[in-house]
Amino acid sequence: MIKIFNTFTGSLDEFIPVKDNEVSMYVCGPTVYNYIHIGNARPAIFFDTVRRYFEYCGYKVKYVQNFTDVDDKMIKRSNEEKITLKEVADKYIAAYFEDTKKINLKEDGMIRPKATENIDEMIDIISKLIEKNYAYESNGDVYFRVGQYEDYGKLSKKNIDELLNGVRIDLNEQKKDPLDFALWKKAKEDEPSWDSPWGKGRPGWHIECSAMSNKYLGKTFDIHGGGEDLIFPHHENEIAQSKCSIGGNFANFWMHNRYININGEKMSKSLGNFKLLRDILTHFDGNILRLFVLGAHYRKIMEFSDKELDQTKISLERIENSLINAIEKSKLQASSSGYNGCDLEEELKIFKTKFKEAMDEDFNTAQAIGVMFELIRALNRATSNESFDENGLTVIKSVINYIKEIFEEVLGVNLKLTKEVESDSIANNLIELILELRQDARANKDWTTSDKIRDGLEKIGIKIKDGKDKTTWTM
Ligand SMILES: [Zn+2]
């Protein structure tokens, strides 16, 4: 039985899907006006793992994550870069895929709709809200009437009075009540806009997720996820819009991951300590980052630093070395007096159960990874033997396969289990060696040898160039 900590109920609830053996989930995606940062990567990696675990347990998963491709930040970027809104979106969506490919997000079967391709669906919902008196038009803008929806604040545990205290009253806005929020914004000059019953304009941010989740998952679906900063107002507003227009329960389970500390400080725009995913990936392999992110419980603040990533790199290498060693041992001939594998067989059973228990309890990846390390230690003990009987070899092979399966299929961490030296790097080293020999010849004024090397390299397509301090080469 899988249990999920549901932000809405505030408790650990048993997961009962809307449809048997199926999971429908919606996770708010990035606004594509910039490269994604580690704060976007955390939910991307975590919810990808949730999907993978459900699939591992035999569920069919329908997973939707949107791209927000129209909002103030997008428009600002399009003006700055002097390209259209669509060109901004195309550029940063391509960059998104380039970056996230390296952290092994499972794209197979993913539904990734764009806000601008679902404007009609949003207009439909807004029209329904106006019809039911949950929304009103005001000088080309449309607002949701928060006071009309009595459950407003239930997700974020905020009450209306508290909210009223914290609200900033902007006299320029056309709202009837300061808590009301925009569903549709009247077009400003030089802004991209769409036709609507209320004139030209563009949607507010919250409405897109109500429209796209309903379109792909229906009016009641299983899980809605995102970072904790989205609970209020974004998710609170999504609930209000969806429940008041389409009905249904919207999402049955709400899951939110906590934020990230960079070198001990909360990552935030104002502190300027944003870490772009692509910058991290120039120093660390995506598999290391993935193992690092999953090494923290998603409902705990994640402490990010290069030092922590260095540690994870060492841990991952340890896992790989243990498996490489075990694979070597598993190829040995069985001997009747060798290690019989009985204790490891028992441990495998125990750790399989422990792994499942950790993941079933609100996807506790931190604990689950800890269990895998214990299993690897047990494997190391077994493979420290010199000889193995038939059963011993069979058990070692099943442990190797189980560890590989969990890391690669469930955690999405691909393991390097071969020690082959890449042929490219051998060729590079050979050329460098030849250039060194040529350098020696030149130092001895042995021009015949030096020219012979140069001409010989040129014949096989390698051009060399003698610089002031160093000879460089190109192919
Ligand atoms: Zn959303």
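This is a predicted model: local features need pLDDT of at least 70, side-chain atom pairs count only at pLDDT 80 or more; totals for chains, interfaces and linings use all residues.
Residues are numbered from 1 along each chain as its sequence is written.

The protein chain contains 15 helices and 15 strands, where helices (H or I, at least four residues) and strands (E, at least two) are DSSP runs numbered from the N terminus. The C-alpha trace of the protein chain spans about 85 × 65 × 35 Å along its principal axes. Of the 475 residues in the protein chain, 38% are buried; a residue is buried if 20 or more other C-beta atoms lie within 10 Å of its own, exposed if 12 or fewer, and partly exposed in between, with C-beta atoms placed from the backbone. Among contacts in the protein chain with a separation of 6 or more, 75% involve residues 24 or more positions apart. Two residues are in contact if their C-beta atoms, placed from the backbone, lie within 7 Å.

The domain assignment gives domain 1 (3-257), domain 2 (315-410) and domain 3 (423-474), with bounds taken from an automatic or database domain assignment. The C-alpha centres of domain 2 and domain 3 are 48 Å apart.

Strand 9 (residues 220-227) runs parallel to strand 10 and is joined to it by 7 bridges; two strands pair if DSSP finds at least two bridges between them. Ile 223 has Phe 253 of strand 10 as its bridge partner. Together with helix 7 (residues 231-245), strand 9 and strand 10 make a right-handed β-α-β unit. A crossover is right-handed if, with the strands pointing away from the viewer, the path from the first strand over the helix to the second runs clockwise. Strand 10 (residues 250-257) is largely enclosed by the rest of the structure, because 8 of its 8 residues are buried.

An open sheet of 3 strands has the order 12-11-13 and mixed pairing. Its edge strands, each pairing on one side only, are strand 12 (265-266) and strand 13 (302-304). Strand 11 (residues 260-262) and strand 12 run antiparallel and are joined by 2 bridges, and Asn 261 has Lys 266 of strand 12 as its bridge partner. A hairpin is formed by strand 14 and strand 15, with 4 residues between them. Strand 14 (residues 463-466) and strand 15 (residues 471-474) run antiparallel with 4 bridges, and Asp 466 is bridged to Thr 471 of strand 15.

Helix 11 (residues 342-360) packs on helix 12 (residues 365-383) at an angle of about 170°, the axes being 8 Å apart. Helix 11 is therefore roughly antiparallel to helix 12. The residues making the contact include Leu 344, Phe 351 and Phe 355 of helix 11 and Val 371, Met 372 and Leu 375 of helix 12. Axes are lines fitted to C-alpha atoms, for helices over the stretch in contact, and angles run from 0 to 180 degrees between N-to-C directions. Angles under 35 degrees count as roughly parallel, over 145 as roughly antiparallel, 65 to 115 as roughly perpendicular and the rest as oblique.

Tyr 402 is located in helix 13 (residues 390-410). Tyr 402 has 17 other C-beta atoms within 10 Å and is therefore partly exposed. Leaving aside neighbours within four places in sequence, Tyr 402 is in contact with Leu 348 and Lys 352. Tyr 402 and Lys 352 are 50 residues apart in sequence, with a C-alpha to C-alpha separation of 8.7 Å in space.
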